[in-house]
Amino acid sequence: EERKAYARFQTVAHVSQTVREAFERRFGAHAGSVVLHNPVDRDAVRSGASAAEKVPEKKCFRFVSVGRLEEQKGFDRLVTACRYLAQEGFSFHLWILGEGPERKTLERMIAEGNLQGRISLLGQLENPYPYVKAADWLVCSSRSEGYSTVISESLILGTPVAATLCSGVREQLGDGEFGLIAENHLLGLYRALEDILTGKADRRDYCGRALRGGSRFDLDGQMNAVKELFEETR
């Protein structure tokens, strides 16, 4: 029934090439299949980052992660990875921005790991960009994605990105050209964070990579592609 429904559409738009490939594996090729990445407004992101938001004074290495507190986003395994790193004596702090049904679970994990001084659940912020800008690295720990908006926003701000390998990540980070790609499991995430904290993944190098990656986003070009799609299908 789903195949029949999709066959009635003139065009099927996907937010990433990986999503398109997954769609075609499940439903077969579609003659009108196209990839259109989510538009990102570079000026709005940069303007938000420069707003006079009160960010805590820096006392140690800082990670930030942004997203709804749900199983898909992998914050549980991010907290677990941080617990291992803390046990090994690494100095760092993690901000998690967002709200959702997993908050109580994460609060419990943080308490059980004695991580209250290392991980802060800051809730949903209207303007998260000052935190993304102030962080040393952004971490995307998702188990699955379509095309992570926060990765694009972090690149625009020049904040290095470490992301688990899921849909859209290679299109955003290349094969590590614009950011650090971790294997999509707890150990892969832990190893990526360890490489960052030991300096194996050099922050200054990845800042440059992030800026190069962020320079690719062009709102006008992305919106024109969307407009052209509708003009072609009228």
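Is S152 buried or exposed in this structure? The points below begin with that residue and then turn to the strands, helices and rings.

1. S152 is located in helix α7, which spans residues 149-157. S152 is buried because its relative accessible area is 0%; buried means under 20% relative accessible area, exposed over 50% and partly exposed in between, with a 1.4 Å probe and protein chains only. Leaving aside residues up to four places away in sequence, S152 touches V40, Y147, Q172 and F217, where contact means heavy atoms within 4.5 Å.

2. The model is a predicted one, in which local features need pLDDT of at least 70 and side-chain atom pairs count only at pLDDT 80 or more, while totals for chains, interfaces and linings use all residues. Residues are numbered from 1 along each chain as its sequence is written, and side-chain values use heavy atoms, with hydrogens and water left out. Helices (H or I, at least four residues) and strands (E, at least two) are DSSP runs, numbered from the N terminus.

3. Strand β4 comprises residues 93-97, and five of its five residues are buried, so the strand is largely enclosed by the rest of the structure. Both of its faces are covered, with H93, W95 and L97 on one side and L94 and I96 on the other. In a regular strand the side chains alternate between the two faces of the sheet.

4. β3 and β4 run parallel and are joined by five bridges, and R62 has H93 as its bridge partner in β4. The chain passes from β3 through α4 to β4 in a right-handed β-α-β crossover; right-handed means that, with the strands pointing away from the viewer, the path from the first strand over the helix to the second runs clockwise. Four bridges pair β4 with β5, again in the parallel sense, and W95 has S120 as its bridge partner in β5. The β-α-β crossover from β4 through α5 to β5 is right-handed.

5. Helix α5 covers residues 103-112, and its buried residues are L106, M109 and I110. Seen down the axis of α5, they fall within an arc of 100°, so they line one face of the helix; the arc is that of the directions from the helix axis to the C-beta atoms. An α-helix has 3.6 residues a turn, so residues three or four places apart point the same way. The buried residues of α5 pack against α4 (75-87) and β5 (119-123). Just after α5, N114 has a positive phi of about 55°.

6. Strand β6 (residues 137-140) is likewise covered on both faces: W137 and V139 are buried on one side, L138 and C140 on the other. Strand β3 (residues 62-66) runs parallel to β6 and is joined to it by two bridges, with L138 as the bridge partner of V64. Strand β7 (residues 161-164) pairs with β6 over three bridges in the parallel sense, and V161 in β7 stands opposite L138. From β6 the chain crosses through helix α7 to β7, a right-handed β-α-β crossover.

7. Aromatic rings of Phe, Tyr and Trp (its six-membered ring) pair if their centres lie within 6.5 Å; planes under 30 degrees apart count as stacked, over 60 as edge-to-face and the rest as tilted. The count by this rule is eight aromatic pairs. One of them is the tilted pair of W137 and Y206, with 5.1 Å centre to centre and 50° between the planes. The pair links distant parts of the chain, since W137 is in strand β6 and Y206 is in helix α10 (residues 203-214), 69 residues apart. W137 counts as buried because its relative accessibility is 0%, and Y206 counts as buried at 10%. Elsewhere, ring pairs link Y6, F23 and F27 into a cluster.

8. Two arginines carry a charge over a ring, defined as NZ of Lys or CZ of Arg within 6 Å of the ring centre and within 35 degrees of the ring normal. The charged end of R209 is over the ring of Y206, 4.3 Å from its centre. The charged end of R216 is over the ring of F217, 5.6 Å from its centre.

Technical notes
Two strands pair if DSSP finds at least two bridges between them.
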